[in-house]
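Q: I'm new to this one, could you walk me through some of its side-chain contacts?
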Amino acid sequence: MGAGAKHQPVFVDRLLATLVHLRHATTHDVLTCWFGVDRSTITRAIGEMRPLLAERGCTISPGVRLRTLAEVVDHLGASGKTGIIDGTEIRVRRLAAGRTDRDKFISGKSKQNAVKTMTVTGGDGRVLFCSPTQQGSCADITHARQLGLVRLLAGGPAVEILADAGCQGLGAQTGGRVVTPPHRKFKKNAPDWYEEMHERQRKAYSSRRIRVEHGIAHLKNWRALARHLGRREHISDTVQAVAALLSHQQTADLAPARTM
């Protein structure tokens, strides 16, 4: 017989505890009371289930999942669909005083301690990919380059990726596959006809990109991503686990509609 302590909660209970923790940010102490086990048992169960959920990848159809950015690019190229990419921040606790990398987690946009993840959705807002997190001071364009987006698009299939103004410059590096908002040709004393045309183009582009904001909002509905109060080493697994669960839910919701 094998040695060592046996798991008191069965697999379903451990999975349920992890889901409740991710969805509602329920503390381990509360879960301890609910399941009638020791706090260390809940901590171990969540620590084991969270990476398993993160490895599932994002579900796009029953039995088909996307786990890497390369698979997302290939899927968009094969289906001929448009992808939308955007970075989002998740607030984290401030590092202890004296840490050398304390300032690296301060976001230049929100002026708060945060980490960033790069989210890719389809044109319908379905989550296709969430990247591992980076420190809050990392720019969106730098994060995209570190993920290998330029390399994947420059020599990959002809796809269209919509991005915001923070990724301007990627279009030239990817052969026009990354599309960014239209530039202003007149910064001062612009004619009225140009202001009207530019505003119309800007709104048309924003209406195409708004779907990624909806996808990010669905992610942030999970309390574990609204503000992360746990250890920063676990935030990447948490983000990807929530993305996997959300994409599975979106695929399940679309199945009845397709049948009808």
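**Charged pairs and rings**

A: In this predicted model, arginine 39 and aspartate 29 form a salt bridge, with their closest N and O atoms 2.7 Å apart. The pair links distant parts of the chain, since arginine 39 is in helix α3 (residues 39-54) and aspartate 29 is in helix α2, ten residues apart.

Q: How many salt bridges does the count come to?
A: The count comes to nine salt bridges, and among them is one between the side chains of arginine 184 and glutamate 195, at 2.8 Å from N to O. Arginine 184 lies in the loop between β8 (178-179) and α8 (192-220) while glutamate 195 lies in helix α8, so this pair ties together parts that are eleven residues apart in sequence.

Q: And which residues are linked in a network of salt bridges?
A: Glu89, Lys116 and Asp140 are linked in that way.

Q: Switching to rings, what kind of aromatic pair do tryptophan 193 and tyrosine 194 make?
A: The count comes to one aromatic pair; the ring centres of tryptophan 193 and tyrosine 194 are 6.0 Å apart and the planes are at 90°, so the pair is edge-to-face.

Q: Is tyrosine 194 buried or exposed?
A: Tyrosine 194 is buried, because its relative accessible area is 4%, whereas tryptophan 193 counts as exposed at 54%.

Q: Which ring does the charged end of arginine 232 sit over?
A: It sits over the ring of phenylalanine 105, 5.4 Å from the centre, and arginine 23 lies over the face of tryptophan 222, at 5.2 Å from the ring centre.

Notes. Residues numbered from 1 in each chain as written. Predicted model: local features only at pLDDT ≥ 70, side-chain atom pairs only at ≥ 80, totals over all residues. Heavy atoms only, no water. Phe/Tyr/Trp six-rings, centres within 6.5 Å; stacked < 30°, edge-to-face > 60°. Buried < 20%, exposed > 50% of the residue type's maximum accessible area, 1.4 Å probe, protein only. Lys NZ or Arg CZ within 6 Å of the ring centre and 35° of its normal. Salt bridge = Lys/Arg side-chain N within 4 Å of Asp/Glu carboxyl O. Helix = DSSP H or I, 4+ residues; strand = E, 2+ residues; numbered from the N terminus.
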